[in-house]
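Please read the following report with the sequence and the model side by side.

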Amino acid sequence: MSLLAVGTVAFDDIETPFGRAEKVVGGAATYIALAASYYTKQIKIVSVIGDDFPEADLDDLRSRGVDLAGLQVKEGEKSFFWAGRYHKDMNGRDTLDTQLNVLADFDPVLPADYQDTEYLMLGNLTPAVQTRVLDQLKTRPKLVALDTMNFWMDTAMDELKEVIKRIDLLTINDEEARQLSGEHSLVKAAAVIHEMGPRILVIKKGEHGALLFYNNEVFFAPALPLAEVFDPTGAGDTFAGGLMGYIASTRDLSFENLKRAVVYGSAMASFCVEKFSTERLKELNDDMITDRMLRFVQLVNFDAQLGK
């Protein structure tokens with residue numbers, strides 16, 4: 001049931017209409033690992049940090065069963081840092097500062113016992129880094145998932161398409177799906193993207209839910225209506241962590257189980273946005289997750305009288 005998460009472990013400076021959180025822990029691999037830890041305890045991380053990263057936060061990950069042997073620590077250097085301000089509608093945001101620091105020359109190195117991982121989540125990094133991770137695997141995982149963004153489509157489309165050929169599951173948002181495929185209709189976009197390589201596609205639509213495309217079948221998972229959204233940072237990575245953690249725990253790639261995995265991912269993302277940074281994800285328990293899943297079931301459950 002081992003899950004390998006590749007991505008950033010970083011600091012964020014976040015400003016929303018609800019307040020500001022300065023130099024808080026973030027990063028794709030952090031959110032993925034925290035969300036997945038509620039479903040599987042065999043999680044490995046490949047990332048890089050500076051010696052400024054708090055040891056207490058690393059200990060918290062270890063306490064959740066996260067193996068950090070693949071986390072490089074660069075002495076005398078600073079961790080990746082991002083600062084952003086969200087708009088009033090919480091959908092748009094402006095990047096105020098990006099400091100690559102240790103990420104500028106990140107060369108992922110997989111320890112020997114990482115090279116036979118069963119499930120792989122390639123977080124949003126350069127296609128070149130994602131490719132180098134795939135090249136180090138001794139055996140192909142049961143499932144390789146990848147997240148990316150429009151920045152790489154603008155700057156490294158050819159490299160991105162090459163790595164997409166080698167994966168099983170792609171998670172992107174609706175805008176990115178349209179850009180990658182050249183199609184406005186998401187159904188047509190999914191068909192084009194399937195031809196590129198991934199047999200499973202999840203298109204995220206933010207507060208409007210997510211679409212799963214697999215074997216000519218489509219499933220829609222709603223987003224849970226929330227009274228307040230404090231911080232959307234990391235929601236997409238949390239979604240991916242819940243999705244992949246659930247799949248790793250069940251070892252089932254049927255369409256029915258993938259539907260459940262998408263809803264579990266959506267449930268974890270709904271927790272993430274309720275507080276700043278990773279704060280909400282750290283305080284969950286099984287009862288909270290079960291209750292949240294029941295709310296999703298109630299959201300879409302109905303009886304229909306079909307026919308005359």
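This is a predicted model: local features need pLDDT of at least 70, side-chain atom pairs count only at pLDDT 80 or more; totals for chains, interfaces and linings use all residues.

Residues are numbered from 1 along each chain as its sequence is written, and side-chain values use heavy atoms, with hydrogens and water left out.

**Nonpolar cores**

A nonpolar core is here a set of buried Ala, Val, Leu, Ile, Met, Phe, Trp, Tyr and Cys residues joined through side-chain atoms within 4.5 Å; buried means under 20% relative accessible area, exposed over 50%, and partly exposed in between, with a 1.4 Å probe and protein chains only. The largest nonpolar core has 60 residues, and those with the most contacts inside it are Ile-45, Met-244, Ile-247, Val-262, Met-268, Leu-281 and Ile-289. Helix α9 (residues 255–272) gives the largest share of this core, eleven residues, where helices (H or I, at least four residues) and strands (E, at least two) are DSSP runs numbered from the N terminus. A second, separate core of 44 residues includes Leu-4, Val-24, Leu-160 and Ile-203. In soluble globular proteins, nonpolar side chains tend to be buried together.

Contact means heavy atoms within 4.5 Å. Setting aside residues up to four places away in sequence, Ile-247 touches Tyr-119, Leu-143, Asp-252, Leu-253, Leu-258 and Ala-261.

Helix α1 (28–36) is mostly covered, with nine of its nine residues buried. In helix α3 (residues 127–135), the buried residues are Pro-127, Val-129, Gln-130, Val-133 and Leu-134. Seen down the axis of α3, these buried residues fall within an arc of 160 degrees, so they line one face of the helix; the arc is that of the directions from the helix axis to the C-beta atoms. They pack against β1 (3–6), β8 (119–122), β9 (143–147), α4 (150–155) and α5 (157–164).

**Spaces**

On a 1 Å grid over the protein atoms alone, a cavity is a set of points where a 1.4 Å probe fits but cannot get out, a pocket is an open set with protein on both sides within 12 Å along at least five of seven lines, and lining residues have an atom within 4 Å of a point. Grid points are joined across faces, edges and corners, and a volume is the space filled by probe spheres set on the points. For the linings, Ala, Val, Leu, Ile, Met, Phe, Trp, Tyr, Cys and Pro count as nonpolar, Asp, Glu, Lys and Arg as charged, and the others, Gly among them, as polar.

| Space | Volume | Lining residues by type |
|---|---|---|
| Second largest pocket | About 210 Å³ | nine nonpolar, no polar, two charged |
| Largest cavity | About 50 Å³ | four nonpolar, two polar, three charged |

The lining of the second largest pocket includes Phe-219, Lys-259, Arg-260 and Phe-296, and β13 (217–221), α9 and α10 (286–300) each give two or more residues to it. The structure holds one cavity of 30 Å³ or more. Among the residues lining the largest cavity are Val-25, Asp-57, Asp-60 and Lys-282, and α2 supplies the largest share of that lining, three residues.

**Single residues**

Met-157 is found in helix α5, and its C-alpha atom is separated by 8.8 Å from that of Pro-127, 30 residues apart along the chain. Glu-75 lies in the loop between β5 (66–74) and β6 (81–86) and, at 61% relative accessibility, counts as exposed.
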